[in-house]
2 protein chains.
Amino acid sequence: MSRANGGPSAGASGPPLAILCGAGAFPLEVAKDLSLAGREPFLVGVVGTTDSAIEAYPHVWVRMGEVGRLFAALRQRAIAEIVIIGAMARPEFADLRLDWGAVKRAAELAQLFRRGDNGLLVGLAAIFEREGIRIVGAHEAAPRLVAPVGPIGARVGSPEDEMDIALGARLLEALSAFDAGQGAVVAAGRVLAIEAAEGTDAMLRRVADLRSQGRLSVAGPAGVLVKAPKRGQDLRLDMPAIGPATIQNVARAQLRGLAVAAGRVLIVERERSAREADAAGLFVTGFSHVSLAQ
Amino acid sequence: MSRANGGPSAGASGPPLAILCGAGAFPLEVAKDLSLAGREPFLVGVVGTTDSAIEAYPHVWVRMGEVGRLFAALRQRAIAEIVIIGAMARPEFADLRLDWGAVKRAAELAQLFRRGDNGLLVGLAAIFEREGIRIVGAHEAAPRLVAPVGPIGARVGSPEDEMDIALGARLLEALSAFDAGQGAVVAAGRVLAIEAAEGTDAMLRRVADLRSQGRLSVAGPAGVLVKAPKRGQDLRLDMPAIGPATIQNVARAQLRGLAVAAGRVLIVERERSAREADAAGLFVTGFSHVSLAQ
């Protein structure tokens, strides 16, 4: 069943790998990185969600719920690994377009949709694995896209910023026990905002609003966005990511910079992110667990 | 220096007590409760903040920063205790109208304004105490305004609601270590929102928005607002409160009810709050620390 990799490749070639593409440009970055590493990517686009630019690569389009079509396309190409990447709105079960492959699994799927986001993802992963399709994290398939320890871009945080980063990281760690908290904004030892269901961008807009309403009693750039996955979060299914949009929102919230958990957060369009952070006078840095142990 | 209490009183009379009145109707409720308990209240209104209805009681108006005028008014009436109650916007130091009493303390005041909200309050309390004015909590002066254990209003939470309340209470407890978290919204074991600098009302508006955008994948009323003071928070200076406005915001967010830490959260206009909660189909309840120990 195995098949030689015929794609344009550099370096050692590996077996083909599928990418289930959510919204945005990041799935294409992963595809590019895989190509460079010699693994032919096969892109699965979700109608209404995925950027049509995926058509530059071997690809298939599926609708939400066309599980049978997806598995058939993978089997046909002898693909045994898939990366799931990019934002995907959680569909309502009733809105799914169930094909025969989905109908066979309908009871199981319906049950999944009664779970929280994380339960849904874990359940979907189990369905994939039972079909012999292993889910691979973007951080495993394309490790160059993961935040390293230390500065990304020209600026570095001050010792005060480092203290805010450490406080934010400890806060997120404490929230992990409640399956909450992928992000927080901390300024001079004060917790300004904590992310829950609204997401990072909405949290940053909130801080921007509080600033513009004069409700934070601070002048000039202040505060740090700290981002990390929840403890126990399956990074193959749901890995936090930052990118140029994050940088813009951090700038609008008049923060001093952002810090992400090294090795556990993806950076979308790293060069552009670094450039825009430099232009906005922001630092971007990866922090390690070790550096937080005091 | 002591003076007989000549006000209209019921029950045992006590020495006069001042109320430094923030915005809203709550200072008047405290005044009414004190009158009923036989303690003549003397109301201190802050120009631009306090409701003019305080003029129904013995009162004085001061501007933010008129510390000397405030202390003189209290001394004149031999008042040695003050309750600070109601919302007060944190002023900028530069906006204060400093009188001679404030100028004498200007260095100290300026330093306070470099602290966080809590530091500012603690510092102001120290200035009062040095003048011989003891700060008394509303919960001490008017304990009938504090949330009791158990339901307030006709409805009670389900066993599932009780689990959400317990989860929210443990979350707030964990956040206390970070001097954050007076409120959270929890639905079916999932943390939907966590309050930081934005305040409870803004957090509830956020949940209402997420609901109306269909981003929470729930139908019908879901979730509980849980409110408690931070551990170590000085309740004399900054005690959480709920009231009819909270009930309305909880209803708009399509929650099932709200739960507050008994003995540590004030209820503004309790009868009206209970009536509006009943009408909206919401439960309101006070939870105790003991009932959370599992």
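The model is predicted.

Chain B holds an open sheet of five strands. The strand order is β3-β2-β1-β4-β5, and the pairing is parallel. Strands β3 (59-62) and β5 (134-135) of chain B form the edges, each pairing on one side only. Within the sheet, β1 (residues 14-21) and β2 (residues 39-46) of chain B pair in the parallel sense, with six bridges between them. In this pairing I19(B) has L43(B) of β2(B) as its bridge partner.

Two helices of chain B that pack on this sheet are α1 and α2. Helix α1 (residues 26-36) touches β1, β2 and β4 (81-85) of chain B. The direction of α1 makes about 165° with that of β2(B). Helix α2 (residues 67-76) touches β1, β2, β3 and β4 of chain B. Its direction makes about 165° with that of β3(B). Several residues of α2(B) are buried: V67(B), G68(B), L70(B), F71(B), A73(B) and L74(B). After α2(B) comes A78(B), which has a positive phi, near 55°.

A further pair of strands in chain B is antiparallel. Strand β7 (residues 183-187) of chain B pairs with β8(B) over four bridges in the antiparallel sense. The two strands form a hairpin, with two residues between them. In the turn, A188(B) has a positive phi of about 50°. A187(B) stands opposite R190(B) of β8(B). Strand β8(B) is mostly covered, with four of its five residues buried.

Strand β8(B) also belongs to the side of chain B that touches chain A. The elements giving two or more residues to that side are α7 (159-176), β8 (190-194) and α8 (200-212) of chain B. In the contact between the chains, 24 residues of chain B meet 24 residues of chain A. Together the two chains bury about 2100 Å². Carbon and sulfur atoms account for 64% of this area. On the side of chain B, F178(B), I194(B) and A197(B) lose the most area to chain A. These three residues together make up 28% of what that side buries.

Polar and charged pairs also link the chains. Four residue pairs are in polar contact between chain B and chain A, both residues being at pLDDT 80 or more. There are two salt bridges between the chains. One of the salt bridges joins R206(A) to E198(B), with the closest N and O atoms 3.6 Å apart.

Note on methods. Residues are numbered from 1 along each chain as its sequence is written. Chains are lettered from A and ligands numbered from 1 in the order in which they are written. This is a predicted model: local features need pLDDT of at least 70, side-chain atom pairs count only at pLDDT 80 or more; totals for chains, interfaces and linings use all residues. Side-chain values use heavy atoms; hydrogens and water are left out. Two strands pair if DSSP finds at least two bridges between them. Contact means heavy atoms within 4.5 Å. Axes are lines fitted to C-alpha atoms, for helices over the stretch in contact, and angles run from 0 to 180 degrees between N-to-C directions. Buried means under 20% relative accessible area, exposed over 50%, partly exposed in between (1.4 Å probe, protein chains only). Buried area is the accessible area (1.4 Å probe) that two parts lose on being put together, summed over both. A salt bridge is a side-chain nitrogen of Lys or Arg within 4 Å of a carboxyl oxygen of Asp or Glu. A polar contact is a pair of N or O atoms within 3.5 Å; within protein, one must be able to donate a hydrogen and the other to accept it, and residues adjacent in sequence count only if both atoms are side-chain atoms.
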